[in-house]
Amino acid sequence: MSDLNTTALKGVEMTIDKIIIDTLVIGAGQAGVAMSEHLSKQGVPHLVLERSRIAEAWRTGRWDSLVANGPAWHDRFPGLEFKDLDSDAFAPKEQVADYFEAYAKQFNAPIRTGIEVQQVVRNTNRPGFTIETSDGVIEATQVVVATGPFQRPVIPPIAAEYEGITQIHSAEYRNPQQLAEGAVLVVGAGSSGVQIADELQRAGKQVYLSVGAHDRPPRAYRNRDFCWWLGVLGEWDAEGVQPGKEHVTIAVSGARGGHTVDFRKLANQGMTLVGLTQSFNNGVVNFQANLADNIARGDENYLALLDAADAYIARNGLDLPPEPEARILPPDPDCLTNPILQLDLAQAGVTTIIWATGYAVDYSWLKVNAFTETGKPQHQRGVSSEPGIYFVGLPWLSRRGSAFIWGVWHDAKHIADHIVKQRSYLAYRDFAQRQAEDGKTASVTSAITKTTVSA
Ligand SMILES: Cc1cc2nc3c(=O)[nH]c(=O)nc-3n(C[C@H](O)[C@H](O)[C@H](O)COP(=O)(O)OP(=O)(O)OC[C@H]3O[C@@H](n4cnc5c(N)ncnc54)[C@H](O)[C@@H]3O)c2cc1C
C-alpha cells in the first residue's frame, strides 16, 4: 500500500507488513461511496478499496447510449445535485460516473483505487478479519461488502452454440455497429433488453424480442414521473417482493428523453415479440405460449399504477391535469394475436443473440459464515449472520429501492449506524479496566511532567 493518501491514513494503523483499520469497505461504486460518506460523518476510521475506478460499472460496464432510468432529481444522493443537467433529464452513464467521483471528492472519501480484495477470512481467537489484497494484507474489525448486485452476467443453461451466430450478454453490448449484419434475437425484456432491442430496431435491424413477466410503470402520469409515484405511494419502500412477483423484471426507459415502455408500439414499429425463450433444438428456438399473458400482466401493472395515482390525487386534492389518453392501449399487433412459437434462426437470418437475462454475484473470495445453504448472503438489512460482515447495494436488501441510487444511500446509513453501535459496545470498559487504564494514563502523565520539569 505504497501511495495511500493522507485522508485514508486517518485512523489507519500501519505495521511493517500490514494495515490495520477499523472498517474496510470493498468496492467504490455508489454503494461504497454512500457507505464511506456515512462512516465519515460518524467518525468511523475506514478505508475503501476499489479494484478499478470509482463507479467503474457506470463508466465502462454498460452500453454506450445508456442513461439513468430515473430523472436527475431522483437518481442521486441527497448531498449533491447533478451539474449542468436539468433536474428532469436522465443523466448519461458517463455523467453518473462523474457524479459519484465528484461526490466522493466532496467529503474526501478515503478511497484507494486499483486494488482488488482477493480473500477475507475471520481471525481465530481474536476479533476482526484478515484481508488479502492485490497490494498487501489488511486487518479490519468490520468489513462492508459493496461489490455490486450485478457482478457476473448470467446466460441460462438452455443456450446452445451455433456456427455463424454470435451470442453475447447485455453486459457486453455497446452499440448497434458492434453487431454483424443480420437479425437479432434479444432474450429478456427488462429495462436492459427492451432498451437494447429498441436501439437495434431504430438502427434498422430486424429484432425478435423474447418477453417474460414484467412490470411496466408509465414513464410519467399526470405530470409526475413514475419515480415520484413509486415514492409517494410507498412502493420504493416496500420491504419484500410480493408473492408471485419474484421473477418479475421492471421495464422502464430514460432513453430519448424518457418514454413509457409499450410493447405494442415496439411491435407496430416492426419488432417481433415472442414469449419466454424455452429451448434450442437444431437451430430452432422454442418460445413458451405465454406472450399474451405476459403482456396482459404488464398492462395490469401499468393500469394499477394509474389507478393508484388517480386515487392519491383525489385523496389529497392535488391539482394535477387529468390524462385519460394514458388508459388507451394501442391495438394488439399480429405477433401478439398470432404469436410465433418457434423460430428457425438461419431462416430468420438471425446472426446475433443478446442475452439480457440478468446477473449473479460471486463471493467465492469471502470466506466467512454469512451465507445461506444456497450461497446467498444471509443478512437482515445488510447486517450479516457473521458479526462484523455487512452487505450493501443488494436488491431488496431492506426495500425495493435498495439496489438503486437513492435507496442504497439510506441502507448505507443504517449499516453505518449499526457499526457505530457495535463500536460503542466494544469501547465499554468495566470499573477495574477503567482504573487500570486511568492508572496507566496517570503514570504516563507523571512521566511526561517529570521529563518536562527536568528539561
Ligand atoms: C444496465 C443497468 C442500468 C441501471 N440503471 C440504473 C438507474 O438508472 N438508476 C439506478 O438507481 N440504478 C440503476 N441500475 C442499478 C444500480 O444502480 C447499478 O447497478 C449500480 O452500479 C450498483 O452500484 P453498486 O455500488 O452497488 O455496485 P457497482 O456499481 O457494481 O460497484 C461495485 C464496485 O465494486 C468493485 N469490486 C468488486 N469486487 C471487488 C473486489 N474483490 N475488490 C475490490 N473492488 C471490487 C467493482 O469494481 C465495482 O466498482 C442499473 C443497473 C444496470 C445493470
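Tutor: We begin with burial. A residue is buried if 20 or more other C-beta atoms lie within 10 Å of its own, exposed if 12 or fewer, and partly exposed in between, with C-beta atoms placed from the backbone. Please note that this is a predicted model: local features need pLDDT of at least 70, side-chain atom pairs count only at pLDDT 80 or more, and totals for chains, interfaces and linings use all residues. Residues are numbered from 1 along each chain as its sequence is written.

Student: Is Leu318 buried or exposed, or in between?

Tutor: Leu318 is partly exposed because 13 other C-beta atoms lie within 10 Å. As to its place, helices (H or I, at least four residues) and strands (E, at least two) are DSSP runs, numbered from the N terminus. Leu318 lies in the loop between α8 (291–316) and α9 (334–337). The C-alpha atoms of Leu318 and Cys227, which are 91 residues apart along the chain, are separated by 17 Å.

Student: How many other C-beta atoms lie within 10 Å of Val48?

Tutor: There are 26 within 10 Å, so Val48 is buried. Val48 has its place in strand β3. Two residues are in contact if their C-beta atoms, placed from the backbone, lie within 7 Å. Leaving aside residues up to four places away in sequence, Val48 touches Val25, Ala28, Gly32, Ser36, Ala109, Pro110, Ile111 and Arg112. For Val48 and Ser36, 12 residues apart along the chain, the C-alpha atoms are separated by 7.2 Å.

Student: What can be said of the protein as a whole?

Tutor: The secondary structure comes to 11 helices and 25 strands. The C-alpha atoms fill a box of roughly 95 × 60 × 40 Å, taken along the principal axes. Of the 455 residues, 38% are buried. Among contacts with a separation of 6 or more, 68% are between residues 24 or more positions apart.

Student: How is the protein divided into domains?

Tutor: Domain bounds come from an automatic or database domain assignment. Here the assignment gives domain 1 (6–151 + 361–426) and domain 2 (153–357). Their contact takes 17 residues from domain 1 and 20 residues from domain 2. The C-alpha centres of the two domains lie 31 Å apart.

Student: How does one read the pairing of strands?

Tutor: Two strands pair if DSSP finds at least two bridges between them. Strand β5 (residues 117–122) pairs with β6 (residues 129–133) in the antiparallel sense over 5 bridges, and Arg122 stands opposite Phe129 in β6. The hairpin of β5 and β6 has 6 residues between the strands, and Asn125 in this hairpin takes a positive phi near 60 degrees. Strand β6 is also joined by 5 bridges to strand β7 (residues 136–145), and these two run antiparallel. Ile131 stands opposite Ile138 in β7, and the hairpin of β6 and β7 has 2 residues between the strands.

Student: Which residues form the covered face of β6, and which the uncovered one?

Tutor: Phe129, Ile131 and Thr133 form the covered face, whereas Thr130 and Glu132 form the uncovered one.

Student: What is a nonpolar core?

Tutor: A nonpolar core is a set of buried Ala, Val, Leu, Ile, Met, Phe, Trp, Tyr and Cys residues joined through C-beta atoms within 7 Å. The largest core has 61 residues, of which Leu24, Met35, Val143, Val144 and Val392 touch the most other members. Helix α10 (residues 405–426) gives the largest share of this core, 7 residues. Apart from this core lies another, of 42 residues, among them Leu230, Leu266, Met271 and Ala356.

Student: Which residues come nearest to the ligand?

Tutor: A residue is near a molecule if its C-beta atom, placed from the backbone, lies within 6 Å of it. Of the 33 residues around the ligand, Gly27, Gly29, Gly148, Gly393 and Phe404 come nearest. The elements that give two or more residues to this shell are α2 (30–41), β3 (46–50) and α3 (56–60).
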